[in-house]
Amino acid sequence: MQQAVEGRQPLLEVRGLSKSFGILRALDQVDFTLHAGEIHALLGENGAGKSTLIKVITGVLSRDAGTIRLDGGEIEPRSVKEALAEGIATVYQEVNLLPNLSVAQNLYLGRQPTRFGIVRDGEMQRRATALLAGYDLHIDVGAQLGHYSVAIQHVVAIARAVDLSARVLILDEPTASLDRHEVDMLFRTMRALAARGIGILFVTHFLDQVYDISDRITVLRNGRLIGERMTASLPRLELIQMMLGRELSETTGERVAHDRSASTPCATFTNYGKRGSIAPFDLDLRHGEVVGLAGLLGSGRTETARLVFGADRADSGKAAVEGKPVRLHSPRDAVRHGFGYCPEERKTDGIIAELTVRENIVLALQAKRGITRPLSRREQDEIAARFVKLLDIRPPDPERPIGLLSGGNQQKVLLARWLATEPRLLVLDEPTRGIDVGAHAEIIRLIRELCDRGLALLVISSELDEIVAYSDRVVVLRDRAHVGTLQDDGIDVSSILAAIAADGSVPAAAEA
Amino acid sequence: MAFQLPRRGLAQILALIVILLIDRMVSSQFFDLRLQDGRLFGSLIDVFNRGAPVALLALGMVLVIATRGIDLSVGAVMAISGAIAASLADSHAWPVAVAVALGAGLLCGLWNGFLVAVLGIQPIVATLILMVAGRGVAQLITEGRIVTFTSPDLAWFGTGSALGIPAPVLIVAGTLLVTGLVVRGSALGLLIEAAGGNARASELSGVGIRLMIVAVYVWCSLCAALAGVIAAADIMGADANNAGLWLELDAILAVVIGGTSLFGGRFSLILAVCGALIIQAMNTGILLSGYPPEFNLVVKAAVVLVVLLLQSPRLSGLVANFRKARA
């Protein structure tokens, strides 16, 4: 589509790139084209393949198939150093410089101007000052880099990369930790570089920034190329559909209506929030009701879940359980009040790989009962056997270390861990991620069953059709704030997409 | 279930038996026992008796290591408690001397636990502080001299016996029993293993990690203090310079030989004691063999190397690859 528009030769041309990790296809026949002087946003949700693509281009990972051409010549970088020698530089979210050295030393590290083998500090500082002046940055280059803001550090990193004769500059989420003013400064730098003919590949989760700065957008999903579009001609709603999967809109409808009048409040959060993490929100969770949290990656879904569970401490607002005010300063507090939380990162935050399925199941219940009231081995065996059967955990061996189970079965064990505590509220963060299709459906069935038994559920998912299928209420998040609520018949994929995409003008809430 | 022997302990028990058999080859009277003044004597008894301090240290250390920590200060704590017990032995009744010595151990444990659990200092650095300072404190208590005492009551802890069994052995058995009952009789064992295996996941499951970590450091220091009392009682005096010197390393080695990973998680009390006995059986064997005792250190180092290699995931990966390549 675009090739016809662009008559000139692309700067960087990736064709048919594939990369697998074991049986997982991280990249499947991906094409990517970057022209000189353009700012090109690479977008996609978690696991879409953005990082893998960048890592292959910069030589961190080898590829299984495909070609990479730079200025028409095929390149095959085997390390970051080789990629840099070809003219491809990367600046990561965490600046890869040495904060304890001076700005000038950072700029010229490994290539300091010397005379008779002695570093010429004065010369280096003069050059550094001149170099940064080109970026409209007038700072004391003799001061330690660590004294400056992250934004300035980013510009220094970019200046260093570009000065190393980069023609392709890859910026991997450079704005994640910057405030508005700093983002503007970074964007000025990016525009200036693009004007000099450098091709910039920009990864971010902030759609506003994509529309602010990028000329063109490439969207990946599940390791595949979904499309390449000019930013100006791509409506925000369509972009979000591309990112989240457009086939969603066809598979809605199988919702079970709930009689919400019977449900009583379980936990109520008023003006609850944490600075720098999530803007204060009001959230009302009721027995027998599933509340879905929808939004893009980085919109504040997990942050909401962690606040509700006490994993992060709120710095504003109040929480109440069954109408009584409570303090949720730690997961222990939350567990004592009958909350449970299955985190998104199953491996690092959920399972204890070395322990058996039985031990993993009884852990939260045991923690809740306290050290002095141990569950006897017989009670443990009984609980483990019950949940292995109830949730159909395979293999049905409670004495197997959980690390040896498949992702879906690990997730079921984590659910069992909380169900064993007979919770009143369960928070599930991406309960179906990385789980095969069969287990997927089963977990959704479980969520519904639990809800029928009077449990209050707060569920985060990137799979919008899932959210639509089980939620009684959907809270939509954008840019670390709750921006709208959809209820009952108002819940469908297109309304959620519209609410996520809304930039203020579109109605955010659709009350039934 | 407190003393159920794990199946995986077979290697350690076999190793102990093999080393004892080697000792028997070195010294033909190794297994001879004789009863004298109502107490059993013999090289085998010696292994248990001499191994008692390290076995006590290992009993505390194994819990610390299971939480993914380490306690380098146990040798210094031994010196402190030994110095206190020896200084008080002749002027006070023995329960006072022992109680004050153990109380000092309790304080040391609280200090370590505070640094690790509350201030979040890495265990190796946090306990290094007391490892260095503790020996100084012990020297201040003894005013730089070797303090001796004559109280036979306190001396019983080192040289006494009951039912023919030496007191240190009885103390180790008792401590093992108490630790086992506390750890496996309550939920502590499971929660320690969970916290050591994955601290984040355990915290998100509602496990109160902080208090638990303070508790294991306290228990470790208490065990060390008890070992210090035994060591002082044994020689009827306290040498702040040398009491418990380098024994923290033997304790760590005993725990590692006992199959507890330095990365935390699964642990076994019995096997940690077994590890201590393996070390002592090697020591005794080398002494009996007539080789210079310096040789001991080299053998110990070789054993550490073998044990660590056996635990190394990379090595097992290499071995697996090698087998695959040959197949």
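Me: Which residues are buried in α1(B)?
Reply: This is a predicted model, to begin with. In α1(B), the buried ones are B:Gln12, B:Ile19 and B:Asp23. They sit on the same side of α1(B), because the arc they cover around the axis is only 45 degrees.

Me: What do the buried residues of α1(B) pack against?
Reply: They pack against two helices of chain B, α12 (247-257) and α13 (269-289).

Me: And which exposed residues are on the face turned away from the buried side?
Reply: That face of α1(B) carries B:Leu10, B:Leu14, B:Ile17, B:Val18 and B:Met25.

Me: OK, switching to the sheet in chain A. What's the strand order?
Reply: β14-β13-β16-β17, in an open sheet of four strands with antiparallel pairing. β14 (278-286) and β17 (324-326) of chain A are at the edges with a single partner strand each, so one side of each has no neighbour in the sheet.

Me: How many bridges join β16 to β17 in chain A?
Reply: Three, and the two strands run antiparallel. A:Ala320 stands opposite A:Pro325 in β17(A).

Me: Which helix lies across β13 and β14 of chain A?
Reply: α9 (residues 301-309) of chain A, at about 65 degrees to β14(A).

Me: Last topic, the two chains. How many residues are in contact?
Reply: 25 residues of chain A with 21 of chain B. On the chain A side, α12(A) gives the most, with six residues.

Me: What kinds of residues make up that side of chain A?
Reply: 14 nonpolar, four polar and seven charged.

Key:
Residues are numbered from 1 along each chain as its sequence is written. Chains are lettered from A and ligands numbered from 1 in the order in which they are written. This is a predicted model: local features need pLDDT of at least 70, side-chain atom pairs count only at pLDDT 80 or more; totals for chains, interfaces and linings use all residues. Two residues are in contact if their C-beta atoms, placed from the backbone, lie within 7 Å. Ala, Val, Leu, Ile, Met, Phe, Trp, Tyr, Cys and Pro count as nonpolar, Asp, Glu, Lys and Arg as charged, and the others, Gly among them, as polar. A residue is buried if 20 or more other C-beta atoms lie within 10 Å of its own, exposed if 12 or fewer, and partly exposed in between; C-beta atoms are placed from the backbone. The arc is that of the directions from the helix axis to the C-beta atoms. Two strands pair if DSSP finds at least two bridges between them. Axes are lines fitted to C-alpha atoms, for helices over the stretch in contact, and angles run from 0 to 180 degrees between N-to-C directions.
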